[in-house]
Amino acid sequence: MKVICFDIGGTAIKSMLIENGKEKSVDEIKSRAKEGANYLKEDIFKKIKELLKENKDLAGVAISTAGMVDYKTGIISYANENIKNYIGFDWIKEVKEEFNLPCLVENDVKAAALGEANFGAGKNYKTSFVLTIGTGLGGALIIDKKIYRGSSGSAGEIGYLPFYDSTIEKKASTSAIIELASLKYPEKNFRDGKILFEAFKNKDQAAIDLIDTLTTNLAKLLATIMLIISPEAIIIGGGISKQKDKLLDPLRLKTKELVPANIYKATAIINTELANKSGCYGVYHLFTEKF
């Protein structure tokens, strides 16, 4: 089965042609999410048309996307300002009308969790919680290789967890720590996570203090996940996961101090294996299950 898979984010759209669980092609284009949903549709449809020229046997389209997705209908049920005019958008209907192909849609973090569970870092665990750290914070719980959705259908939306006078997303995401950097150290010009971690590597004290704040807040979140869910693994994804042990080592140490030893030992804190491909692999898995 050959499926074209997309992962829609606020800054980039990844596309992968996957056949029988193996990548056939991988591409990335700039996302026009802030301009509106119709611009996303225009760019994605252009890519589908390109691929159809050489892949007449395409089975369908699978989409991983930022925002909340009604898993029963595939319609976007909630999205913030990062994707303009996205609430109510129906990819399944649009793809059917344009290409007469089946389409599947899933939230990007849930898709990433399924990708890791079936093809990546979570394949040897029955239960895992995938935490993505980027512009925001996202989460998804996997039990027996399936997404646990809860009664709302949106279980795992950890970014909205109340945290002091705010939410954890506004205290422990990459964008949150960059915002804090601009307030505390405007002269440093820490514009993004890559610059911040490079300064951290070079022993810049401001960067060290900022990363310390980030890992302290994230450790409290990991401790909460361990105490309530106790999964076999917490898998860290998102752009910041590229930092690997520079992020994971302090996270492990700080989390260990917050929970009883037996609870800490029961959960591995590990990195994603598929990195930015996990969402595409996740929706590919869902598509092949359904169709």
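Which residues point one way from S7, and which the other way? I looked this up and found Cys103, Val105 and Asn107 on one side and Leu104 and Glu106 on the other, all of them buried. I took buried to mean under 20% relative accessible area, with exposed over 50% and partly exposed in between, for a 1.4 Å probe and protein chains only. S7 is mostly covered, as 5 of its 5 residues are buried.

Before going on, I note that this is a predicted model, in which local features need pLDDT of at least 70 and side-chain atom pairs count only at pLDDT 80 or more, while totals for chains, interfaces and linings use all residues. Residues are numbered from 1 along each chain as its sequence is written, and side-chain values use heavy atoms, with hydrogens and water left out.

**Entry: the sheet**

I traced an open sheet of 5 strands with mixed pairing, in the order S3-S2-S1-S4-S7. Strands here are DSSP runs of E with at least two residues, helices are runs of H or I with at least four, and both are numbered from the N terminus. Two strands pair if DSSP finds at least two bridges between them. Strand S3 (22–30) and strand S7 (103–107) each have a single partner strand, so one side of each is left without a neighbour in the sheet. From one strand to the next, the twist averages 15°.

I then looked at two of the pairings. Strand S2 (residues 12–19) and S3 run antiparallel and are joined by 8 bridges; Ala12 stands opposite Lys30 in S3. S4 and S7 pair in the parallel sense over 5 bridges, and Ser64 stands opposite Glu106 in S7.

**Entry: helices on the sheet**

Helix H1 (residues 37–54) packs on the sheet and touches strand S1 (2–8), S2, S3 and strand S4 (60–65). Contact means heavy atoms within 4.5 Å. The direction of H1 makes about 155° with that of S1. Axes are lines fitted to C-alpha atoms, for helices over the stretch in contact, and angles run from 0 to 180 degrees between N-to-C directions. Helix H3 (residues 108–119) also packs on the sheet, touching S1, S4 and S7, and its direction makes about 100° with that of S7.

**Entry: H7 and its contacts**

I checked helix H6 (residues 193–201) against helix H7 (residues 205–228): their axes come within 8 Å and cross at roughly 115°. The contact is made by Leu196, Phe197, Ala199 and Phe200 of H6 and Ala207, Ile208, Leu210 and Ile211 of H7.

Next I checked H7 against helix H8 (residues 245–256), where the axes come within 8 Å and cross at roughly 55°. That makes H7 oblique to H8; angles under 35 degrees count as roughly parallel, over 145 as roughly antiparallel, 65 to 115 as roughly perpendicular and the rest as oblique. Residues in the contact include Leu218 and Leu222 of H7 and Leu247 and Leu251 of H8.

**Entry: Phe163**

Phe163 is found in strand S11 (residues 162–163). It is buried, with a relative accessible area of 10%. Leaving aside neighbours within four places in sequence, I found Phe163 in contact with Ile168, Lys171, Asn217 and Lys220. Phe163 and Leu248 are 85 residues apart in sequence and 21 Å apart in space, C-alpha to C-alpha.
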